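These are my notebook entries on one protein chain.

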Amino acid sequence: MLHVALKCQKAFERYEEEDDKYFTHFQENEGGKKKFGPPSTVDWNNARIFVNFLQSFYDVTLKFSATKSVSINCFYNEICELHNQINELSGNDDNLLSKMVSNMKLKFDKYWGNPENINLLMFLAIVLDPRYKMGYVNFSLQYFYNVQTVASVTLLIEHTLNRLYAVYGGGFKPMSDESSKLHELASSNQRRTFLSNFIKHQKEHSVLESCNEVEKYLGDENVNPLTPSFDILLWWKVNSTKYNILAMIARDVLAVPVSSVASEQAFSTGGRILDPYRSSLNPKTVNYLICTQSWLKGTNEGVSLEIAEEEDAEELGVADSSATITD
């Protein structure tokens with residue numbers, strides 16, 4: 001609302017110059033209390049400072065509440081940006097801004113002051129982002145926290161990633177169907193011992209390579225963090241043949257929403273459909289209504305009702321509304 005109010009600054013200044021009742025309006029008592037105002041030059045300057053400061057929080061809120069794009073991989077990065085901004089502005093020369101930032105820092109440290117209390121999925125998501133990986137995590141932790149905290153959190157992240165890799169890789173078979181058939185053919189013929197030894201060596205080598213997938217991914221060169229419109233899901237889809245098991249982990253981790261906006265929105269939509277006047281709808285009907293509304297909102301151009309009505313009329317054999325009815 002502040003950025004909208006700033007657009008009206010000149011209007012308020014004109015009121016002050018041309019309307020005699022402008023000052024008397026603020027001098028009147030309302031409910032036994034004096035009204036606030038009129039806004040002075042200092043108030044406008046403070047509002048402009050607050051808008052510049054709070055704009056970053058507004059942008060981050062929009063990113064976190066996104067429901068049609070991956071949001072968990074940008075969560076930790078945005079938290080670091082806010083952390084850095086709060087630290088820089090806490091010692092600002094402006095007393096009003098410095099006081100507000102200091103109060104926000106207390107609230108921020110309550111939730112994000114100790115990285116050991118942050119959900120590990122946030123760290124795993126940034127590690128599975130090929131633009132950042134462990135290098136960004138180490139850099140950010142060293143920038144904001146002490147050495148002991150950095151060491152413990154880094155070790156916990158690596159241990160968790162390796163555990164996930166072991167779980168997901170438990171049922172993974174790196175050999176292709178063709179190599180399996182060749183192995184069966186070689187084992188059925190006892191004279192081809194050299195060929196069977198080669199296939200056995202190839203199998204062991206492929207298993208060894210798959211076991212080093214985490215180290216291979218972390219050791220490969222990062223994608224440029226400034227790449228415009230980077231699609232992390234597309235990247236993992238393209239590189240799923242290179243990182244078979246990690247791609248499965250990334251698929252599940254990146255699917256986690258970073259906020260509960262989507263689920264709360266679904267419940268809110270259900271509440272609008274099941275009102276006191278329509279409380280006897282069966283679950284399937286409610287499901288159809290909610291899905292249809294979501295699909296209509298998800299389309300860029302929406303649905304043309306006129307075209308839909310004309311198509312329905314043609315299918316039912318109904319004449320055009322402009323046609324005349326004759327006996």
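**Entry 1. Salt bridges**

I began with Asp109, which is partly exposed at 31% relative accessibility; I use buried for under 20% relative accessible area, exposed for over 50% and partly exposed for values in between, with a 1.4 Å probe and protein chains only. Its side chain meets that of Lys105 in a salt bridge, 3.4 Å from N to O. I count a salt bridge when a side-chain nitrogen of Lys or Arg lies within 4 Å of a carboxyl oxygen of Asp or Glu. Lys105 is likewise partly exposed, at 24% relative accessibility.

I then checked the spacing of the two residues. Lys105 and Asp109 are 4 residues apart in helix H6 (residues 95-112), so about one helical turn separates them. Helices here are DSSP runs of H or I with at least four residues, strands are runs of E with at least two, and both are numbered from the N terminus.

The model is predicted, so local features need pLDDT of at least 70 and side-chain atom pairs count only at pLDDT 80 or more, whereas totals for chains, interfaces and linings use all residues. Residues are numbered from 1 along each chain as its sequence is written, and side-chain values use heavy atoms, with hydrogens and water left out.

How many salt bridges does a search of the whole structure find? The search gives 4. I looked up two further ones.
- Arg131 and Asp129 meet through their side chains at 2.8 Å, N to O. Arg131 is buried at 15% relative accessibility, and Asp129 is buried at 0%.
- Asp252 bridges to Arg251, with the closest N and O atoms 3.5 Å apart. Asp252 is partly exposed, at 33% relative accessible area, while Arg251 counts as exposed at 53%.

I next listed ring pairs. Rings of Phe, Tyr and Trp (its six-membered ring) pair if their centres lie within 6.5 Å; planes under 30 degrees apart are stacked, over 60 edge-to-face and the rest tilted. The count by this rule is 13 aromatic pairs.

Tyr217 and Trp235 make an edge-to-face pair, with 6.4 Å between centres and 65° between planes. Tyr217 belongs to helix H12 (residues 213-219) and Trp235 to helix H13 (residues 232-238), so this pair ties together parts 18 residues apart in sequence. Both Tyr217 and Trp235 are buried.

Tyr217 also pairs edge-to-face with Tyr243, at 5.4 Å centre to centre and 85° between the planes. This pair links distant parts of the chain, 26 residues apart: Tyr217 is in helix H12, and Tyr243 is in the loop between H13 and helix H14 (244-253). The relative accessible area is 1% for Tyr217 and 2% for Tyr243.

What lies over the face of Tyr217? I found Lys133 there, at 4.5 Å from the ring centre; the criterion is NZ of Lys or CZ of Arg within 6 Å of the ring centre and within 35 degrees of the ring normal. Lys133 is placed in helix H8 (residues 133-144) and is buried at 3% relative accessibility. Its phi is near 60°, a positive value in a residue other than glycine.

Elsewhere, ring pairs join Tyr76, Phe123, Tyr132 and Tyr136 into a cluster.

**Entry 2. Packing of H14**

I recorded the buried residues of H14 as Ile245, Leu246, Ala247, Ile249, Ala250 and Val253. These residues pack against helix H5 (72-89), helix H7 (120-127), helix H9 (147-168), H12 and H13. A contact means heavy atoms within 4.5 Å.

**Entry 3. Whole chain and confidence**

The protein chain has 17 helices and 2 strands. Buried residues make up 27% of its 327 residues.

The chain mean is 75, and 67% of residues reach 70 or more. Over residues 175-180 the pLDDT is below 50, and this stretch has 4 contacts in the model beyond near neighbours in sequence. Residues 301-309 also stay under 50, with 2 contacts beyond four places in sequence. Where pLDDT is low, the predicted coordinates should not be read in detail.

Conventions: pLDDT is the predictor's confidence in each residue, from 0 to 100.
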